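Student: I'd like to learn how to read side-chain pairings in a model. Can you walk me through some?

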Amino acid sequence: MNRYDALVESLRAEIPGFRIVRKDQSKLHRAIHVALIGLTLGKMRSYLDSYQTTIGSTVYVTSDWDDWPVDRRYVTLRHEAVHLRQFRTFTLPGMAVLYLLLPLPMGLAWFRAYFEREAY
């Protein structure tokens, strides 16, 4: 077993409901993609195919995820595992408020930067 498969197994044991889902197969993420295009006046068109996104116990990946080298998937999933644990600590509503809204006004993203820095 390679280290990526071992990490997936350990996350399944650690995080109840853990799963990996392709973003392009998620109605939620297709809707977020459309909303981002609208909110950014067409400038943000790469949400579905350039970013891995963790919400709750699910890691949403780009459609080319399975084509990535196993070591690249491992490194990326280690990063996303930090976010899985953050969701467990702060809960989905807590993460949503911290990640998206604080500090006000929206857009300063202090907590988003904090959560990402912790994952790196």
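This is a predicted model: local features need pLDDT of at least 70, side-chain atom pairs count only at pLDDT 80 or more; totals for chains, interfaces and linings use all residues.

Student: Where is Gln86 found, and is Gln86 buried or exposed?

Tutor: Gln86 sits in helix H4. To judge burial, compare the relative accessible area with the cut-off, which is under 20% for buried. Gln86 comes in at 4%, so Gln86 counts as buried.

Student: Which residues does Gln86 touch, leaving aside those up to four places away in sequence?

Tutor: Thr91, Met95, Phe115 and Glu118. Glu118 is also the partner in that polar contact.

Student: Now the charged pairs. How many salt bridges does the structure hold?

Tutor: Four. When you read one, look for a side-chain nitrogen of Lys or Arg within 4 Å of a carboxyl oxygen of Asp or Glu. Take Arg3 and Asp71: their side chains meet in a salt bridge, with 3.5 Å from N to O. Arg3 belongs to helix H1 (residues 3-14) and Asp71 to helix H4 (residues 70-90), so this pair ties together parts 68 residues apart in sequence.

Student: How do I describe the accessibility of Arg3 and Asp71?

Tutor: Values between the buried and exposed cut-offs, under 20% and over 50%, are called partly exposed. Arg3 has 44% relative accessibility, so Arg3 is partly exposed. Asp71 has 43%, so that residue is partly exposed too.

Student: Which residue forms a salt bridge with Arg85?

Tutor: Glu14, with the closest N and O atoms 2.7 Å apart. Here the link runs between distant parts of the chain, from Arg85 in helix H4 to Glu14 in helix H1, 71 residues apart. As for accessibility, Arg85 is partly exposed at 31%, and Glu14 is partly exposed at 29%.

Student: What about Arg88 and Glu14?

Tutor: Their side chains meet in a salt bridge as well, at 3.3 Å from N to O. Arg88 is in helix H4 and Glu14 in helix H1, so the pair ties together parts 74 residues apart in sequence. Arg88 has a relative accessible area of 47%, which makes Arg88 partly exposed.

Student: Which residues do salt bridges with shared partners join into one network?

Tutor: Glu14, Arg85 and Arg88.

Definitions and conventions: Residues are numbered from 1 along each chain as its sequence is written. Side-chain values use heavy atoms; hydrogens and water are left out. Helices (H or I, at least four residues) and strands (E, at least two) are DSSP runs, numbered from the N terminus. Buried means under 20% relative accessible area, exposed over 50%, partly exposed in between (1.4 Å probe, protein chains only). A polar contact is a pair of N or O atoms within 3.5 Å; within protein, one must be able to donate a hydrogen and the other to accept it, and residues adjacent in sequence count only if both atoms are side-chain atoms. Contact means heavy atoms within 4.5 Å.
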